[in-house]
Amino acid sequence: MKMLILFELRKILSRRLALVTLVGMVLFSVLLSVSTYQNKYAFAPDGSQGSGKRAVEIDKKIAAQYEGILTDEKVQQMMNDFAPTSDLHGLNAAYLYQNAAQSAAFARFSDQNGNWNGLSVRDVFGQEQIKIGYVDGWLSTSRNMVRTFVLLAIAVILMLAPVFSGEYEGVDNLILTSRYGKTKCPIAKAAAGVLAALLAAVVAVACNLLFALVFYGTEGLDCSILFAPTDYVEGFIPFNITCGELIQYQILLAFTCTISLAGITLFLSAVSKNQIIALAASLAVFLFPVLLPIAETNPLFRLVGLLPIYHVLAVSLLSVEQMRSGMLYAVWAVPAAILFLGVGGAFSCRMFAKHQVS
């Protein structure tokens, strides 16, 4: 059985389209990480400014001055340190960007002119203790992971769509009339498909984490996502989780998406007449949920949000609910993924084994 699985795995990974997709995903992840790092910009109150590596250094230095639990005193200090020194020409100061710490502070505690708006930390965050520090790097990584994991999902579909449907172009006659054609062979195909998908997920996750550690280090992993610059939607997740927890959830959801899609694509591959139909059907099932007019506040979203597309569009699923255990509702993606894989894998093997050969 082991040899059959390895044979099928090599067959999946040797397909030109699969290789091109995997290489493209890696290159995209690398270019995205590098370009995000190079496009960083920061301007400090002392007049120093820079982009890329210099911007990260400035942001880390500024964050170090205020790191720790956010207090009203720190808010006042930041508002004084970052007060505009020139006319904003009608620009709302809440959208002014000089550096990551200033942007986070002004987005919550500034009026239109850059003065303190009178709100306290408790007014904005309630009873939560907000630990602040350098979060810009890891929030950028989180945003890049969403884009990379969408490409990962498409790569999984491209790799697995031909697993069964590709055999219906004549090879099924040989496979299904062989000794293990209706028993071990379908199981080996399904197992190899899941392994190939998981391998792609490991590569995608490793690329993002590697570049994040090289560019930004570990600073900020223990800081709250709630005190984030204005351009990060991750800051709208209404729960006081750290950047490290956010990254962990996203990695978990990357694997649940991969497993779910593996089950769905294997099933559609087994019931489709050819590879093109299997590919088109798998992409349609993956992308269709985002077209449904269901708001995140709709109770029905609790079910729709467990579909694979929302595993990679993590912010929507992570915003649903924080349970009494402290975990987010998103952990229900794990049993959902197991269900998708179990049902899809079992039915794909059965459908292929019962396929009528001419």
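Is K60 buried, partly exposed or exposed, by its relative accessible area?

Guide: K60 is partly exposed, with a relative accessible area of 22%, where buried means under 20%, exposed means over 50% and partly exposed lies in between, for a 1.4 Å probe and protein chains only. Before going further, please note that this is a predicted model, in which local features need pLDDT of at least 70 and side-chain atom pairs count only at pLDDT 80 or more, while totals for chains, interfaces and linings use all residues. Residues are numbered from 1 along each chain as its sequence is written, and side-chain values use heavy atoms, with hydrogens and water left out.

The side chain of K60 meets that of E219 in a salt bridge, 3.4 Å from N to O, the term standing for a side-chain nitrogen of Lys or Arg within 4 Å of a carboxyl oxygen of Asp or Glu. E219 lies in the loop between α10 (184-216) and α11 (243-271) and K60 in helix α3, so this pair ties together parts that are 159 residues apart in sequence; helices here are DSSP runs of H or I with at least four residues, numbered from the N terminus. E219 also counts as partly exposed, at 37% relative accessibility.

Helix α3 (residues 53-66) holds both R54 and E57, which lie three residues apart, about one turn of the helix. Their side chains form a salt bridge at 3.8 Å, N to O, with R54 partly exposed at a relative accessible area of 40% and E57 partly exposed at 37%.

In total, the structure holds six salt bridges.

Helix α7 (residues 136-160) has a further partner in helix α2 (residues 16-38), for the two axes come within 9 Å and cross at roughly 175°, each axis being a line fitted to C-alpha atoms over the stretch in contact, with angles running from 0 to 180 degrees between N-to-C directions. The two helices are therefore roughly antiparallel to each other, a label given to angles over 145 degrees. Their contact, meaning heavy atoms within 4.5 Å, involves residues including L22, F28 and L32 of α2 and R147, L151 and L158 of α7.

Conventions
Parallel < 35°, antiparallel > 145°, perpendicular 65-115°, else oblique.
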